[in-house]
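Subject: Structure handover

Hi there,

Here is the structure I promised to pass on to you. My notes on its pockets and cores follow below.

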Amino acid sequence: MKLSLEQIKSVTVGALEITEENGTFRFAKCITKQIEVCYRLRTVLGERAKTTTGIRLDFHTNSNVFAFEAETKGKYDIYIDNVLTYFYRDVDFNCGMRKEILLDGRTHRITLYLPAHTEGILRSVEIDDSATLTPHKFDCKILFLGDSITQGWDSKWDSLSYAHHVSRVFNADSVIQGIGGAKYHNLTFDEAIQYDPDIVIVAYGTNDWTTYQTYEEGREHCSDFLDQLVKKYGGKKLFGISPI
């Protein structure tokens, strides 16, 4: 059974937008307005805002088979019962874009992590016709905002970034808006984000020191950004991680 758009939406975590276009499923960690702003600031920031960092399909099933077909190459990590069990890279897709995993018919938790550094687009997700499909239940919701460290830059396994580690430890539904090269800038946060987290973790600063000309300039951008954040999420738990 190939999962429908609604079924995929029901088991997807970390995506603010999910669409079906020309027979493929596209996922976005940032809303359109944020991506447009990032492109205006720097083209490379826009490109990184479009990557599928932090987006995963997370569900329980008693299927004998789990399969997915990717439209785009990248790092795809698969966890079985919360353990990294399979991983596919660009070279693996030279033998075909469809990957099939045999299971044992007992109920298992399946988590498919989409690429953190490219835009992971799927053609299909499949389980047995008679199999169950139950979204994983989480204990809390976390919004991560940050630069390449939050994106998990250059990690061998994208699923092992600090943001994913924290998400797993706290069994958290999370949105990970990590964008390599990003810094505190009031335009990159948008109050139109339709996500209601319990916790917000902000980790900018490394790039600020090398791009803003003065301390005061950096401080102003930081202050404006955090003012917007507090305005929207003032009743939540807010954490800031500064550079070493």
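What volume does the largest pocket have? It comes to about 270 Å³; please keep in mind that this is a predicted model.

The lining of the largest pocket is made up of 15 residues, and Gly205, Asp208, Trp209, Gly218 and Arg219 are the ones nearest its centre. Helix H6 (208-211) and helix H7 (215-233) each contribute at least two lining residues, with H7 giving the most, four residues. Sorted by class, this lining holds eight nonpolar, five polar and two charged residues.

Among the residues lining it are Glu17, Glu21, Arg26, Lys50 and Glu119, along with Phe27 and Ile35. Strand E2 (17-21), strand E3 (24-28) and helix H2 (32-41) supply at least two residues each. Its lining divides into five nonpolar, two polar and five charged residues.

Phe27 also turns up in the largest nonpolar core, which has 28 residues; Phe27, Phe66, Phe68, Leu112 and Leu122 have the most contacts inside it. Elements giving two or more residues to this core include helix H1 (5-11), E3, strand E5 (65-70) and strand E9 (108-113). Apart from this core lies another, of 22 residues, with Leu45, Ala49, Tyr184 and Phe225 among them.

Methods. Residues are numbered from 1 along each chain as its sequence is written. This is a predicted model: local features need pLDDT of at least 70, side-chain atom pairs count only at pLDDT 80 or more; totals for chains, interfaces and linings use all residues. Side-chain values use heavy atoms; hydrogens and water are left out. On a 1 Å grid over the protein atoms alone, a cavity is a set of points where a 1.4 Å probe fits but cannot get out, and a pocket is an open set with protein on both sides within 12 Å along at least five of seven lines; lining residues have an atom within 4 Å of a point. Grid points are joined across faces, edges and corners, and a volume is the space filled by probe spheres set on the points. Ala, Val, Leu, Ile, Met, Phe, Trp, Tyr, Cys and Pro count as nonpolar, Asp, Glu, Lys and Arg as charged, and the others, Gly among them, as polar. A nonpolar core is a set of buried Ala, Val, Leu, Ile, Met, Phe, Trp, Tyr and Cys residues joined through side-chain atoms within 4.5 Å. Buried means under 20% relative accessible area, exposed over 50%, partly exposed in between (1.4 Å probe, protein chains only).
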